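Colleague: I am new to this structure and would like to learn how to read it. Could you take me through a few features, one at a time?

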Amino acid sequence: MTTVDVGTGLSALLDDDAALAAAVAGAELPALLPALAHLTGDLTLVADELRPPLRLRPDMVEPQGGMSEAAQELGRRRALAALAAFRDGGAVPAPEPDDDTLRRLMRFVAGDVADDYLPLMSHELGLPLDAGAPGWTVEQVAPGRTVEVVVIGAGMSGLVTAHRLRQAGVEVTVLERNADVGGVWLENGYPGARLDTPNFAYSFSFDQRPDWPHQFSARDDVWGYFRDVADRFDLRGCVRFGHEVVEAVFDDATRRWTVRARRAGGPDVVLEADAVVSATGQLNKPNLPDIPGRERFAGPSWHTARWRDDVDLTGRRVAVIGTGASAYQVVPSIVDRVDALSVFQRTPPWMVPTPTYHDPTPDEQLRLLRELPYYHRWLRFVQFWTSVEGRRPFMEVDPGWEHPISVSPANEALRQALVAHLERRFGDRPDLLAKVVPGYAPGSKRMMRDNGVWPAALKREHVDLVTDAITEITPDGVRTADGVLHEADVLIYATGFRASDFLAPITVRGRDGADLHERWDGDARAHLGVHVPGFPNLFCVFGPNTGLVINGSILLFSEIAVHHILGCLRLLLESGAATVEVRRDVHDAFNERVDAGNALMAWGVATVNSWYRNAKGRASQVWPFTVLDYWRMVREPRPSDFHIERAPTPQPEERQ
Ligand code: NAP
């Protein structure tokens, strides 16, 4: 039994010696070798002498997983020989590998990891196909019962929620304020918007795209992927677009939720449901800073996530406030067009060398990815695996380390490597170098990908990197503490998002009418990022403390959270219950553990500004542990963590 088809495309490639040699020469061997072993059954391709060390250097991922030149040479020879033998044998794929063989292939990439990593790895490889599917339906576990769920948001998390719920036979309605799916990828249409995490791993395990055009794809490709997911899994039918949820209220008597959505030009829509899933995201409420005079600016001004294509920047004097990830992409993209550009930097970010950041996937690689079964799957797996720990070990606090900036010897090694990188980039401009070297530990806030375009933009004659504090905005521009007015025709806020305002501005009322935002009081917390005590059957995906900033894949986290939510619904169905609600002691203990975990990470001890922390200074957005920890803690709900209650039995009228 095999799950792959060997199409005519592969036959044509196998018959084209030159194309094949070029494709193998440029291939990612840590992925190609297990893919070929998978396809052909030839396990000499994953022999120990070929295993990629996949070491992390402080400042970058080594090319070809750090394989030596000799190992690469041997790997390419074996790959070409295996492809020739496969062709000459009639291109018949080997039977699907048994569990032991699959483990061996995964361990070729991952090394001798503990056995309990294996289900996670299999999930990410997507083999067996759709390993993350629920595997049960409402009809099977509670025949005759229906479950209705309202999902708020049709971005990345909302899509996977809707897909999995529908696989389980749950009745789903998704309420989405925008006119299309895609969430932040729809909203962030600013020039230069693209991924800053490797692309293959930024896709769902159940819908892996073989031919991403870049390693870090552009916004239209990423948004296009999510739109395609919605089409491929027929999800649009359950989404009501243009519906902005304003209120969700739990009814103690019926144990159901009532959700109210506002529509432009129509009456509100009110839906009832057994459960509500918030898939409202984190980085999507624009932060417009409270700078005096903001409303007085005479020209057009906007936030990066509300880009205005109707304003031509050609020949204009433009001011950009902020030097985070959005500014890093906008500034180099508009610099050629504008007449003058003032970039206002409050805190310099660290830059991680990423020479291939904008590179397209070469044509011969695209052909190999499309035609050679399993190759893209293994490439995604390699990218995933490399990111599982990622740079995390460099951000862990060593309590015995004493240094004014760094938090551990590894963090210091990274800091020095990154300072050296900045010195290389800005060595010819000491004036700029003095402004761009951060004075806080790497990892305390989000690091940028650098392929040279940001430094090149800052060095342009018509660009001014302003580091004096902004004191006011006037009709004509931005004034700084030194009294200088930086004149501008257009003002762009690259000032980030109110990441800690979970579920805002929706009014959410739980048991006894409790108001969620009053309960949180600006410091959102949830058990596992999913459950809040007092709010039965309200589930969050990508909720508090589930943001990944240095390692892992946020799509995987959403998939895991959704699996957990389905597990909770199954608990209800199997026990004939109506609500699941986390125990307060369990919730509190989890949050203590999370806070203690964050206190051992660079961002937990840093005092530098970042969206990782809320106004109270607590790191309420960020997951402090490993990806495997999240998998272990979250994927399967533990019944003992919850109060599980039956629906109230209707009482005869005379007894009421
Ligand atoms: P951000 O990282 O929060 O950066 C906001 C910038 O605005 C910072 O430089 C900040 O300075 C500055 N700022 C805020 N208020 C200010 C004020 N009152 N005066 C002066 N400066 C002010 O926001 P972002 O760049 O939009 O990125 C947010 C996150 O979204 C990223 O970290 C990333 O996770 C995600 N993102 C990803 C991509 C991608 O490539 N995939 C692209 C964009 C965004 P301070 O540093 O001093 O606070």
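Modeller: Gladly! Let's begin with a hairpin: β7 and β8 form one, with two residues between them, and glycine 265 in the turn has a positive phi of about 70°. Strands here are DSSP runs of E with at least two residues, helices are runs of H or I with at least four residues, and both are numbered from the N terminus. This is a predicted model, where local features need pLDDT of at least 70 and side-chain atom pairs count only at pLDDT 80 or more, while totals for chains, interfaces and linings use all residues. Residues are numbered from 1 along each chain as its sequence is written, and side-chain values use heavy atoms, with hydrogens and water left out.

Colleague: In what sense do strand β7 and strand β8 pair, and over how many bridges?

Modeller: Two strands pair if DSSP finds at least two bridges between them. Strand β7 (residues 256-263) and strand β8 (residues 266-273) pair in the antiparallel sense, over six bridges. Valine 259 stands opposite leucine 271 in β8. In a regular strand, side chains alternate between the two faces of the sheet.

Colleague: Is asparagine 537 buried or exposed?

Modeller: Buried means under 20% relative accessible area, exposed over 50%, and partly exposed in between, using a 1.4 Å probe and protein chains only. Asparagine 537 has 1% relative accessibility, so it counts as buried. You will find asparagine 537 in the loop between α18 (516-520) and β21 (538-540).

Colleague: Which backbone atoms does the side chain of asparagine 537 reach?

Modeller: Look for polar contacts, which are pairs of N or O atoms within 3.5 Å; within protein, one must be able to donate a hydrogen and the other to accept it, and residues adjacent in sequence count only if both atoms are side-chain atoms. The side chain of asparagine 537 reaches the backbone oxygen of aspartate 274 at 2.9 Å and the backbone nitrogen of valine 580 at 2.8 Å.

Colleague: And how do I read the surroundings of the ligand?

Modeller: A residue is near a molecule if one of its heavy atoms lies within 4 Å of it. Of the 24 residues around the ligand, Arg194, Ser326, Thr347, Lys445 and Trp611 come nearest. A polar side-chain atom of lysine 445 lies 2.4 Å from an oxygen atom of the ligand. For alanine 325, a backbone N or O atom lies 2.8 Å from a ligand oxygen atom.

Colleague: Which helix gives the largest share of the shell around the ligand?

Modeller: That is helix α11 (residues 325-334), with three residues.
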